[in-house]
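Please look over the fold shown here.

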Amino acid sequence: MNPRALAILVLARVRATDAYLNVVLDTMLSESPPKDPRDAGLATELTYGATRRQLALDYAISRFADRKLDAMEDRVLAALRIGAYQIFHTRVPARAAVAETVQALKEVGLARAAGFTNAILRKLADLPAPPLPSQTDVAHYLSVRESHPQWLVERWLRQFGRERAEAMLVADNQSPPVVIRANTAKVTRDALLQQLQELGVEAKAATLSPVGIILPPVGRVEDVYGYSEGLWQVQDEAAQLVGVYGAIPESARVLDACAAPGGKSCHLAQEHDVVAVDVHAHKLRKIDAEARRLGLSSRLKAYAHDAAEPFPGEWGEFHAMLVDAPCSGLGTLRRHPELRYRRKEEDIARLATLQRRILENCQESVQPGGLLVYAVCTMDPQEGQDQVEMFLRSHPEWTAEPPVLPGLKLPLTQAYLRTLPGPEGFDGFFAARLRKLY
């Protein structure tokens, strides 16, 4: 299928079903695999790019459309966004972007909308730059320019100040690198890095993670050396740092209370016996499959269970627990750009309530002297530092205890791990390492 036609169908399905962009794209690429791998790359660039820049594209389109965008047919709006994205954010010549997008719309069965789409895209192509609102209202201006909902821009401006908030917004619109974590049960990071480089892969060591490797654009990661041998697993560097920061003693028996999709469970299982728990039973299949691929099945056992409810008594107490709690996901917007348009500000308070329930339940199953690592893939204090400090105030038997890791410089704020989106290249994460005193 024409990659632009494929991109139109992907965006239309995401809009119609509220599905995840990566899931729809991967499914449709599997159902209609392009003959040329470059076409898959173009479809990926168009779908992710148009989603990341959606508010700015819609702001431009609405200047020339004679109807509300919400009332447009899914495929028509998708075509307009894809065409506008090419005009403003790619090297595709404007005339070619218009013509190819209109042709793609015909290919997906909407020839009747070709004239309407062509007229709007041609007007956009005549603009010297994408239109933007006045800078007088900073939050509105940044919301449109960087395509984040205004409530989120206002929240980040309050929490982080303009310079850092703007850097976070810009970073969310960049394509993330492919980062892998060496499976140290089989190979050291340095040995794996050397093997990849000897095979001509332009890999480099991660900035902070002692087990991380950054790959160049690689297409299918499954085709990279070491995947089928189970030598590594894809995991963002910030997520790797959670496991490093936890510094759980080697002999510890560990419970991962909210385990899906399983990256942190497998990281732990490289050195520990792990019970991996998730409320979504169907997600456990992927965890089991990854454990088999990495050769960790003997150390990792997965069970369906709601971490907000008491654990089975026969499981006993654990030396250490990871609570990678359900959260707003605001630290991963570059990877899941559609999430920014679905998340509401009131979701944060709702999720914070759930996090408290999970934390309260999980701490009961940690033995005295044991560790609990609480983590969320967001930078919002209500879900991170505020959450933990509220817990510590009500539980004098617990204390924050950052790890001692000679030679490593982790991004710590007070006792806590925190990474922010920005020029450093990380996803946004927060983690707290807590010790049960008695």
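Is Gln174 buried, partly exposed or exposed? Gln174 is partly exposed, with a relative accessible area of 41%. The model behind this value is predicted.

## Around Gln174

Gln174 sits in the loop that runs between helix H9 (150-172) and strand S1 (178-182). Leaving out residues up to four places away in sequence, Gln174 touches Arg52 and Arg334.

Gln174 and Leu333 are 159 residues apart in sequence. In space, their C-alpha atoms are 9.9 Å apart.

Arg53 belongs to the loop between helix H3 (37-52) and helix H4 (54-62). Its relative accessible area is 16%. The cut-off for buried is under 20%, so Arg53 counts as buried.

Which residues does Arg53 touch, not counting those up to four places away in sequence? They are Tyr85, His89, Arg145, Glu146, Ser147, Asn173 and Tyr341.

## The annotated cysteine

UniProt lists Cys377 under "active site", and the entry is unreviewed. In the model, Cys377 is found in the loop between strand S9 (366-376) and helix H16 (385-394).

## Aromatic pairs

How many aromatic pairs does a search of the whole structure find? The search finds five. One of the pairs is formed by Tyr303 and Trp315. Their ring centres are 5.4 Å apart, with 45° between the planes, and the pair is tilted. Tyr303 lies in strand S7 (residues 300-304), while Trp315 lies in the loop between S7 and strand S8 (318-324). The pair therefore ties together parts that are twelve residues apart in sequence.

Tyr303 is partly exposed, at a relative accessible area of 38%. Trp315 is buried, at 13%. Trp315 also pairs with Phe311: the ring centres are 5.9 Å apart and the planes are at 20°. Stacked pairs have planes under 30 degrees apart, so this pair is stacked. Phe311 is buried, as is Trp315. Ring pairs thus join Tyr303, Phe311 and Trp315 into a cluster.

## Charges over rings

Two arginines are placed over aromatic rings. Arg67 lies over the face of Phe116, 4.0 Å from the ring centre. The charged end of Arg293 sits over the ring of Tyr227, at 4.0 Å from the centre of that ring.

Rolling a probe the size of a water molecule over the atoms shows where empty space is left. The count here comes to two cavities of 30 Å³ or more. The largest cavity has a volume of about 40 Å³.

Which residues line the largest cavity? The lining is made up of Val242, Gly243, Gly246, Ile248, Leu268, Leu322 and Val373. Helix H11 (residues 237-246) gives the largest share of this lining, with three residues.

Key: Residues are numbered from 1 along each chain as its sequence is written. This is a predicted model: local features need pLDDT of at least 70, side-chain atom pairs count only at pLDDT 80 or more; totals for chains, interfaces and linings use all residues. Side-chain values use heavy atoms; hydrogens and water are left out. Rings of Phe, Tyr and Trp (its six-membered ring) pair if their centres lie within 6.5 Å; planes under 30 degrees apart count as stacked, over 60 as edge-to-face and the rest as tilted. Helices (H or I, at least four residues) and strands (E, at least two) are DSSP runs, numbered from the N terminus. Buried means under 20% relative accessible area, exposed over 50%, partly exposed in between (1.4 Å probe, protein chains only). A charge sits over a ring if NZ of Lys or CZ of Arg is within 6 Å of the ring centre and within 35 degrees of the ring normal. UniProt positions are given in the numbering used here, feature names are shortened, and annotations may be inferred rather than shown by experiment. Contact means heavy atoms within 4.5 Å. On a 1 Å grid over the protein atoms alone, a cavity is a set of points where a 1.4 Å probe fits but cannot get out, and a pocket is an open set with protein on both sides within 12 Å along at least five of seven lines; lining residues have an atom within 4 Å of a point. Grid points are joined across faces, edges and corners, and a volume is the space filled by probe spheres set on the points.
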